[in-house]
Amino acid sequence: MSARDNILNRVRDAVRTKAPRPPEPSAAPIWPPMGEAEARFREEFTALRGEIVESLPEFLAGFAKIATDKSELAGSGNVPVREADLGVTSCVCLVAQTGSIVVACRSAEERALSALPPVHLVVARRSQIVLDLEAAIGVLRKQYGGGFPSLISVISGPSRTADIEKVLVLGAHGPKRLAVHFINK
Amino acid sequence: MNTNALQFRRATEAKAFDLDHRAIVVKNTNTYHAAVARGIARFADWETARCRAAAVKWEVMNHLDRYLEEFERNVQAKGGHVHWAETGAEASQIAVSLAKQHGVRKVVKSKSMVTEEIHLNPALEAAGVTVLETDLGEYICQLRGEPPYHIVTPVMHLNRAQIAKTFNEKFGTSLDATAEQLAGIAREKLRAEFLSADMGISGGNFAVADTGMIGLCTNEGNARLTTALPRVHVAIVGIEKLVPKLEDLALFWPLLATRGTGQFLTVYNTLIGGSENFHVILLDNGRTKLLADAEQRDALHCIRCGACLNACPVYKAVGGHSYGTTYQGPIGSMITPHLRGWQDWSHLSYASSLCGNCADICSVHIPIHHHLLHNRRNSVRQHCDPLIQRLMFRVWLWGVQSASLYALGGKMARLAIWLGIAQPLARAWTKRRDLPEPPRQAFRDWWRNNERA
């Protein structure tokens, strides 16, 4: 008998007796009303120390080494991700409720883009903002069906740690700055 | 008393009177409680949220075989690999052989309590593999050669100065380094390790059955780098970590973050799965024993938010290291006898004031303090209680069953206190506490004299 069979057999034996069922939860809404999507996104995102970039050329002028996911929105960069001081990506959607950006990647290169360079810029359309996490998962389902990419990440602000005396420090291992630029088309 | 119980008694005795320790822990937990209060305020109905989470976990745990098989099927369908381990040693062995198979010399790890549970690092090191913890708190633990003090905040017991001293001893950095500078040093040191590591090892906060992906929740981004940069990713996940579907995370992500740190979401809520070099090790290591106990099965609903540790007056007084376990605090005290044996660990069932704070704040509604009582009952049934205790309860039982013996006992106790010999007789109690002043008259005497009035 393999470890797999042993474990599954023990599990089957165990759950033959059901544990007492917990009381049925109420149908009350868990979340307060979200408000208007874009306004809520801006509020939550900036509260998490995310930056909204109004002028893209001005922002990009601050970086010499740029890597991108080569998507239509992010354009093309000039260095590989390991050398970049800015990673530019598109995203699946943005979540108003939590001020989050949802990225999905298939390749190792792409996976590193939103995690390795010290600054991460997301270029998005306003229409990509969804109201809450549930809606964001709905977008993922619709976009990928059963074939989910190898990494999906819901990113809420720049990397941080509060391990030392609960003092907030930005830029633990991931990007120290996270920015979003909305394009007008 | 067994050696673990003795060790626990000694460690708690020392920690409970360490005022520096208390000051640090109180400061950290107060900051935490304030943040959590703000986090809970973002929910319209926290109670419903945790009831729903409990219902989801009940469904999983009571049909766990089905969800495990579904998860396995979906990981494999996407090209990943699933391994099963009955014990911690088996899981470590699988990780070591994967490392050998892929010619791995260096492993980077993101924070994972389950790898602490199975003692993975020593196993890898014995096989000649260098292992680096990358979560800042875990990195500090590794530098100090200490186990994590807390399942969520591994160095909650240290202040900035102590951490700066550790860095100073290891790297010669300034003793006055700020939290920001210390995090910067770790970032710089570990950046090179991420880029040169051959294998990344993580745990898993969630295993999503319907997509065959594992969910990792971190703030630092170290799990992102651990899983993105090295050639091979191994995730070690307890079999209780399953959730049925992706949509469940819209509830569990905020729940975990809110009770874990007071954030609405941790910075990176990441789902990983579906590549050739992705391996999941599903670990039992005693979990099926707890599963077999229908009365206490819901202890497996735990999502390890760490809230019950921060809420527990005993944890705050005795500190995380005193327990001598991977999982500390109320939930650790409750599950450890199941996972690691009643003879050695049932003493932890008494490390509780039964105030119920742990159950009140539990993200998934586990009645932890009731389970600690169940544990006490079960350990007595299995004769895990010390012989002297069993004898004393026999005597007590005998005494309270007879009115005259009970009255005699009261008289003797009163006499002993008046004579001043109770103090030394009850030293275990009187060492740290005063004996109560006995009333002049026993109630039964008062009643006899006043009954007719």
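**Exercise 1.** How many Å separate the centres of domain 1 of chain B and domain 2 of chain B, taken over C-alpha atoms?

*Solution.* This is a predicted model, where local features need pLDDT of at least 70, side-chain atom pairs count only at pLDDT 80 or more, and totals for chains, interfaces and linings use all residues. Residues are numbered from 1 along each chain as its sequence is written, while chains are lettered from A and ligands numbered from 1 in the order in which they are written.

Start with the bounds, which come from an automatic or database domain assignment. Chain B has domain 1 (1–41 + 303–385), domain 2 (53–285) and domain 3 (396–450). Between the C-alpha centres of domain 1 and domain 2 of chain B lie 23 Å.

**Exercise 2.** Describe the contact between these two domains.

*Solution.* Residues are in contact if their C-beta atoms, placed from the backbone, lie within 7 Å. Domain 1 of chain B brings 27 residues and domain 2 of chain B brings 26 residues. On the domain 1 side, α2(B) gives the most, with ten residues; helices here are DSSP runs (H or I, at least four residues) and strands are runs of E (at least two), numbered from the N terminus.

**Exercise 3.** Now look at where chain A meets chain B.

*Solution.* First, count: 71 residues come from chain B and 57 residues from chain A. Next, find the top contributor on the chain B side: helix α3 (residues 46–62), with eight residues. Finally, look at the strands, which pair if DSSP finds at least two bridges between them. Strand β8 (residues 151–155) of chain A runs antiparallel to strand β9 (residues 268–272) of chain B, joined by five bridges. Here Val154(A) sits opposite Asn269(B).
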